[in-house]
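This report covers strand pairing first, then salt bridges. Keep the sequence and the 3D view open while reading.

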Amino acid sequence: MKLRPTIAGTQELGRRGGTENVPGIIGAGVAASQAREWLEDEASRRSLRMLRDRFERMVLEACPGSVVNAGGSPRLWNTSNIAFPRLEAEAILLALSERGVCASAGAACSSGSLDPSPVLLAMGIPEPVAHGSIRFSLSRFTTREELDDAVRLIAQVIAKLRETLPI
């Protein structure tokens, strides 16, 4: 079967229209090179891990009853999954989004699903805890000040939801 172009044109013997985005391709290569350099630096990863751990401690202190899923296990240095038992992740995410805090409840492929993360369930996290679990990701550009603001906003959201939603 002959491939049909999605955008009509004469490039590549009529298989596509337009030309390659050479600056974009070069930029992606440079970004990949810089990311590799950063990933190979143990001090950078350790610094981000310490920032993640500080963030988790602050959330646990500000939101009594919250739990870091797999907190004592080896895990990615830039990712935290925190459970807020008896609350729904979707309500938490909506309120956080309204305040400018980006987070997620699971993989992008499960977006829109109200079911708890199958990964958390497979890890043995009880369903009521998994339902209120939120994933936070930090980047090498995340600052302490940004995390301090995020913790303050997370605490506000959790307190508000706990007082307004039936348990």
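## Strand pairing

Strands E2 and E3 (residues 133–137) run antiparallel and are joined by five bridges. Strands (E, at least two residues) and helices (H or I, at least four) are DSSP runs, numbered from the N terminus. Ser133 in E3 is the bridge partner of Ala83. E2 also pairs with strand E1 (residues 67–68), antiparallel, over two bridges. Pairing requires at least two DSSP bridges between the strands. Val68 sits opposite Ile82 of E2.

The model is predicted: local features need pLDDT of at least 70, side-chain atom pairs count only at pLDDT 80 or more, and totals for chains, interfaces and linings use all residues. Residues are numbered from 1 along each chain as its sequence is written, and side-chain values use heavy atoms, without hydrogens or water.

## Burial of E2

Five of the five residues of E2 (residues 79–83) are buried, so the strand is largely enclosed by the rest of the structure. Buried means under 20% relative accessible area, exposed over 50%, partly exposed in between (1.4 Å probe, protein chains only). Thr79, Asn81 and Ala83 point one way; Ser80 and Ile82 point the other.

## Salt bridges

There are eight salt bridges, each a side-chain nitrogen of Lys or Arg within 4 Å of a carboxyl oxygen of Asp or Glu. Arg52 bridges to Glu56 at 3.9 Å. Both lie in helix H3 (residues 42–62), four residues apart, and both are buried.

Asp148 and Arg54 meet at 2.9 Å, N to O. This pair links helix H7 (residues 144–164) to H3 across 94 residues. Asp148 is partly exposed at 30%; Arg54 is buried at 15%.
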